[in-house]
There are 2 protein chains.
Amino acid sequence: MKLLIEKNVLLESLTNVMRAISPRNIIPILNGVMFNLTDDGLYLTASDSDLTIRNFIPKSKIKNISETGKIIIQSKYLLEIIRKLPNTDINIEVIDGLKIIISTENTVYNLNCLDTEDYPNISLDEVEKPIVINSKDLKQVINQTLFAVSTQESRPLLTGINFKLNGNILECVATDSYRLAKKTLTLNETYESYNVVIPGKNINELDKLLTDDSTVEIHLFDNKVLFKYEEYLFQSSLLSGTYPNTNNFIPDDFEIIITTSLNDYYAAIDRAALLTQNKDKNIIKMDTDKNDLTITSSSSEIGKSEETVTINKNTDKNISISFSAKYMLDALKTFEEDELIILLNGDSKPIILKSATDESLIQLILPIKTY
Amino acid sequence: MKLLIEKNVLLESLTNVMRAISPRNIIPILNGVMFNLTDDGLYLTASDSDLTIRNFIPKSKIKNISETGKIIIQSKYLLEIIRKLPNTDINIEVIDGLKIIISTENTVYNLNCLDTEDYPNISLDEVEKPIVINSKDLKQVINQTLFAVSTQESRPLLTGINFKLNGNILECVATDSYRLAKKTLTLNETYESYNVVIPGKNINELDKLLTDDSTVEIHLFDNKVLFKYEEYLFQSSLLSGTYPNTNNFIPDDFEIIITTSLNDYYAAIDRAALLTQNKDKNIIKMDTDKNDLTITSSSSEIGKSEETVTINKNTDKNISISFSAKYMLDALKTFEEDELIILLNGDSKPIILKSATDESLIQLILPIKTY
């Protein structure tokens, strides 16, 4: 294998492909990046067996292909080495079978390689009719739901995002059983039904990859999913099991409907969160009184705080309810419009958040009983 | 105590004064900030007994002084509370003796305070003829020497910077016994002689305070030093003991004098540092051959690297010498001019670095013997 390639072309590709390499991986060969140079261009592949990312650099973006071939380069320091090279063309050449020379005018790196025969055989399969979605829409779905997945390995299914497709309606749900985020997207075409759970940690890497306004193809299988985006293939395993049916969690009717400014409400919660008794749960209290909403928090050590926010309310009924300030801030961050709707049914029932103009996003937070 | 003050005036002052509060402090009263409101203005003081910072906000910068008085406010969360308030005027009012209300239109914080009688009596003294130095010059001295102080508490004196004043010459030295940084400044006036050691961690806080181009007065005592800068008083303890005489460490004559580009040399060391056998010491090797300087490094696991830099040399003699890449990079960062001079006397003698145009700065690094 021998080629000449511009530093920044290689750096961008490597940065993205190496997102698949897990720092906790203990299988030596999976710490390597596969370079496969063909007459058409260079394929870079990295995998932690649960997640595989492949990028294709077409020959039009390569300065010179002298000799095709395959090699696995150890990924440790590889990204830093390429990043610190001057902005120029880089020579890459395999010598003695298992050594690679990466060089520019004044710099020569001689790196140990691994045998391609030891690399697992990973098939990146495609379906006939993939789901097509705009990359910005997919990125928004991720940002509005991913934060709510569970970090507890004791309930593995909840560490993923549930993607449910019916006709042209894609419903994405994440919950850790104390809060829930749900986003609904209407697709341009109709597809057969799917109900899968994709690991949150892999979705997090996919999010970093989606930087341009382009389209993403989603190729779904029983046990894996392939995302096709520009010259990248991104394949993740699926979590097995049946995701809880979350539709029943969200009530249809509400006793108290509050409308307020998202920014004012966010700032009040943000300040109140500073003084909370239990730092893990960040419990704060919200009380309504006519058109005033009051947020109170306290810490026996430091003191207490009180915030007032102006609201509109559909009823004379008032409420006093406690919840986690951290969970509320996480949920509020997903809304883009300034008018926020808070839907309530008593102090032990879920708090539902919506935007006034966009029905596609629902955030749910369970209250916390304080005595 | 009762006053009305613009948020950003208070925030800037608090941010700087609170640099004196140590996160490791275990004396409760020293976790507080003293607010002392007089008819002339507001004095804010914080201290960890080793370092004290006081700022004066004159009445011209305060919106309203309703009632003078003193109080100690717990510093935990205080900065975050003020930072998160809207950009407006803030009411501060002591109630019930040991509680303080910090409020704006929609926000009320009610914070616990501490008794001023428990606060240690700290005298911030001045001498008749302080040393006067430009704040940018002092900041440069700090940035060119502070990194070289020792972090080992086993030799406490080496954790400080040695300030030695003779006539109008101020010499500042820091060393951890493996490397040494020395900067000489010529002052505008002549002063009596001093030889003191100021704790590095306090100097580090002073550095953050010096943001404007202004003058600093240095008031030196036997056991403490007071820096006066704008409306700030910054008082540090001194380290006791006799600092080693470091003048003998730096030779006058050199066998090999190398001139090269600082940027090229820095980039070569920076890249070579990635692949080093012993990650703690970051050992790399430098060899000269006529007008070529070669930097090599290796890691049995990853591979090896070779960098070539063009140099001028005063002699046909060549050298092969090993040293810590981390120490070399730290030292190189202190130079501003592009032409670097490397002075050598054999592979077991100190490596001296200078700039071609500025004699005031000397960096020394001990070589590391490799077999």
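A residue counts as buried if 20 or more other C-beta atoms lie within 10 Å of its own, as exposed if 12 or fewer do, and as partly exposed in between, with C-beta atoms placed from the backbone. What you have above is a predicted model, in which local features need pLDDT of at least 70, side-chain atom pairs count only at pLDDT 80 or more, and totals for chains, interfaces and linings use all residues. Residues are numbered from 1 along each chain as its sequence is written, while chains are lettered from A and ligands numbered from 1 in the order in which they are written.

**Chain A as a whole**

Let's start with the overall picture. Of the 371 residues of chain A, 36% count as buried. The C-alpha atoms of the chain fill a box of roughly 80 × 50 × 35 Å, taken along the principal axes. Chain A has six helices and 23 strands; helices (H or I, at least four residues) and strands (E, at least two) are DSSP runs, numbered from the N terminus.

Chain A is divided into domain 1 (2-118), domain 2 (131-248) and domain 3 (250-365), with bounds that come from an automatic or database domain assignment. Taken over C-alpha atoms, the centres of domain 1 and domain 3 of chain A are separated by 50 Å. Two residues are in contact if their C-beta atoms, placed from the backbone, lie within 7 Å. Among contacts in chain A between residues at least 6 apart in sequence, 66% join residues at least 24 apart.

**A helix with a buried face**

Helix H4 (residues 200-209) of chain A has Gly200(A), Asn202(A), Ile203(A), Leu206(A) and Leu209(A) as its buried residues. Seen down the axis of H4(A), these buried residues fall within an arc of 160°, so they line one face of the helix. The arc is that of the directions from the helix axis to the C-beta atoms.

Two strands pair if DSSP finds at least two bridges between them.

| Strands | Bridges | Sense | Residue pair |
|---|---|---|---|
| S7(B) and S8(B) | five bridges | antiparallel | Glu93(B) and Ile101(B) |
| S8(B) and S9(B) | six bridges | antiparallel | Ser103(B) and Val108(B) |
| S19(A) and S9(B) | five bridges | antiparallel | Glu307(A) and Thr107(B) |

S7(B) and S8(B) form a hairpin with three residues between them, and Asp96(B) in the turn has a positive phi of about 50°. Another hairpin joins S8(B) to S9(B) through two residues.

**How the copies meet**

At the interface, 25 residues of chain B are in contact with 25 residues of chain A. On the chain B side, the elements giving two or more residues are helix H2 (78-84), strand S9 (107-114), helix H5 (262-272) and strand S19 (303-313). S19(B) supplies the largest share, seven residues. By class, this side has nine nonpolar, eight polar and eight charged residues. Here Ala, Val, Leu, Ile, Met, Phe, Trp, Tyr, Cys and Pro count as nonpolar, Asp, Glu, Lys and Arg as charged, and the others, Gly among them, as polar.

Chain B can be laid on chain A with an RMSD of 0.0 Å by a turn of 180° and a shift of 0.0 Å along the axis. The two copies are thus related as by a two-fold rotation axis. In chain B, the C-alpha nearest this axis belongs to Pro23(B), 16 Å from it. Copies are superposed by least squares on the C-alpha atoms of residues with pLDDT of at least 70 in both. Finally, 100% of the interface residues of chain B are also interface residues in chain A, so the copies meet through the same surface.
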